[in-house]
Amino acid sequence: MWVRKLLDINCLDLAYAVGNCFAPRSPAALAARLERLWAPNKTIACLSVRSGFDLWLSALALPRGSEVLVSAITIPDMVRIIEDHGLVPVPVDLDADHLAMDIDSLRRAVTPRTRAILFAHLFGTRQPLDEVADFAQQRGLLLAEDCAQAFVGREFTGHPEAEVSMFSFGPIKTATALGGGLLRVRDPQTLASMKAKMAAQPRQGRWAYCRRLLKYTGMKLLSTRPIYSLIFRTWQALGRDPDRLVNGAVRGFAGPDFFRRIRKQPSGPLLALVHRRVAKFDPARIARRTRLGEHLLAHSGGSFMSPGFASDVHSYWVFPVLADDSARLIAALREAGFDGSSAHSMCVVQPPADRPAQRATTAEQILPRIVFLPLYNQLYESELERMAEVLEALAKRGEATGGRRSGGTRASGSGDRKSEVGSVV
Ligand SMILES: *Cc1c(COP(=O)(O)O)cnc(C)c1O
């Protein structure tokens with residue numbers, strides 16, 4: 001069984017971070033070094049994107065009842081943070097081909113109470129945002145950019161016009177440090193205010209972080225192909241849902257006290273590991289993942305639509321396809337040894353009760369139908385082709401949706417290259 005997602009971290013990285021727990025260095029110095037590496041004088045290194053976004057809203061102190069326009073698909077916590085600041089999230093719909101903001105929906109969403117726009121780049125796509133940035137500038141709105149799913153290394157630290165650009169190093173993200181967020185903030189006063197507010201928060205304990213490192217080291221071992229297959233099949237044989245097992249294990253800041261948990265400074269070892277991940281990041285890994293994504297798109301495009309396929313920039317952090325009967329597709333994939341999964345960690349932002357017309361209908365149509373196919377550098381092209389065959393067989397029986405329009409026009413040059421990577425983890 002090919003696991004749905006591999007933790008993007010190796011044992012040396014994990015050992016380095018554990019070592020840092022035993023030989024602590026000054027967190028302030030580590031933070032300064034990391035912030036210099038990312039975008040000098042513009043960066044704040046946080047415990048997570050959610051922590052940083054919370055600080056940004058605190059620093060802005062927008063009047064209660066102000067509206068924040070939010071691209072319609074994101075993680076529920078981002079919406080929760082907006083609401084906690086007394087602000088009103090208003091969804092802006094997406095176009096399914098690119099996963100860009102629908103400009104008509106954006107125009108309709110604005111009212112005199114609108115103060116900011118939050119856009120999330122989804123699934124590894126990256127939108128140009130120029131039009132949205134112009135729109136924001138003309139109306140005096142602040143543009144926040146959620147790049148948690150769009151990390152490609154230091155070559156992209158955010159759109160030049162964005163007030164804040166946020167990158168996550170959470171467990172399931174590219175180049176994970178099992179936590180951590182880097183925010184590039186345009187306005188120096190806002191940045192200073194965020195730093196002052198963070199300095200007043202308690203610091204994540206290094207032993208708490210160490211426990212986290214050990215927990216994920218264990219999970220990494222369990223996600224090797226034979227062991228994962230064994231656990232998965234056993235769980236199924238016991239008549240239980242393997243989905244719940246996996247999702248329960250990777251939930252960040254799970255449980256009550258959400259705000260107490262995110263309102264912390266990052267520990268020294270976390271800052272050291274984020275620095276290592278960013279400084280040593282090899283863009284060739286993104287290039288390979290992109291090639292694999294394009295290869296899969298070229299082979300599956302005729303049968304299943306992949307939201308975001310037409311995006312000019314796409315690094316395939318994940319590979320989504322739309323299925324009318326997602327349970328059936330997931331079952332067929334499992335049968336063939338691929339652990340596909342639904343998008344249950346994300347949500348469609350709901351409009352305020354008095355503005356039903358602002359419902360994001362496209363987002364509502366696509367999100368529940370999304371199935372993520374396993375895609376990471378450890379997979380081989382031949383396995384991707386086998387996965388594409390599963391899709392094609394189902395499509396022939398009429399399971400596909402979204403038309404046959406994701407054809408591999410953007411996918412070229414993926415060739416028949418065989419994988420040079422042999423191992424699964
Ligand atoms: C993962 C994710 C976040 C949260 O990142 P953390 O660093 O875990 O807080 C926010 N937005 C999107 C779109 C994400 O995928």
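## Ligand contacts

A backbone N or O atom of Val49 lies 2.8 Å from an oxygen atom of the ligand. The protein covers 93% of the 380 Å² of accessible area that the ligand has on its own. These values come from a predicted model.

Side chains also take part in the contacts. In Gln149, a side-chain N or O atom is 2.8 Å from an oxygen atom of the ligand. For Ser48, the separation between a side-chain N or O atom and an oxygen atom of the ligand is 3.5 Å.

## Residues around the ligand

## Packing of helix 1

Helix 1 spans residues 11-22, and helix 12 spans residues 268-279. The axes of these two helices come within 8 Å and cross at roughly 150°. Angles over 145 degrees count as roughly antiparallel, and helix 1 and helix 12 are therefore roughly antiparallel to each other. The crossing of this pair, helix 1 with helix 12, is right-handed.

Helix 1 also packs with helix 8, which covers residues 206-222. The axes of helix 1 and helix 8 are 10 Å apart, and the angle is about 155°. That angle makes helix 1 roughly antiparallel to helix 8. The crossing of helix 1 and helix 8 is left-handed, whereas that of helix 1 and helix 12 is right-handed.

## Packing of helix 3 and helix 7

Helix 3 is formed by residues 49-60 and helix 7 by residues 188-199. These helices pack at an angle of about 115°, with their axes 9 Å apart. Angles of 65 to 115 degrees count as roughly perpendicular, and helix 3 and helix 7 are therefore roughly perpendicular to each other. Helix 3 passes helix 7 in a crossing that is right-handed.

Methods: Residues are numbered from 1 along each chain as its sequence is written. This is a predicted model: local features need pLDDT of at least 70, side-chain atom pairs count only at pLDDT 80 or more; totals for chains, interfaces and linings use all residues. Side-chain values use heavy atoms; hydrogens and water are left out. A polar contact is a pair of N or O atoms within 3.5 Å; within protein, one must be able to donate a hydrogen and the other to accept it, and residues adjacent in sequence count only if both atoms are side-chain atoms. Accessible areas come from the Shrake-Rupley method with a 1.4 Å probe; for residues, only the protein chains shown count as cover. Axes are lines fitted to C-alpha atoms, for helices over the stretch in contact, and angles run from 0 to 180 degrees between N-to-C directions. Helices (H or I, at least four residues) and strands (E, at least two) are DSSP runs, numbered from the N terminus. Angles under 35 degrees count as roughly parallel, over 145 as roughly antiparallel, 65 to 115 as roughly perpendicular and the rest as oblique. A crossing is left-handed if the near helix is turned anticlockwise from the far one by less than a right angle, and right-handed if clockwise.
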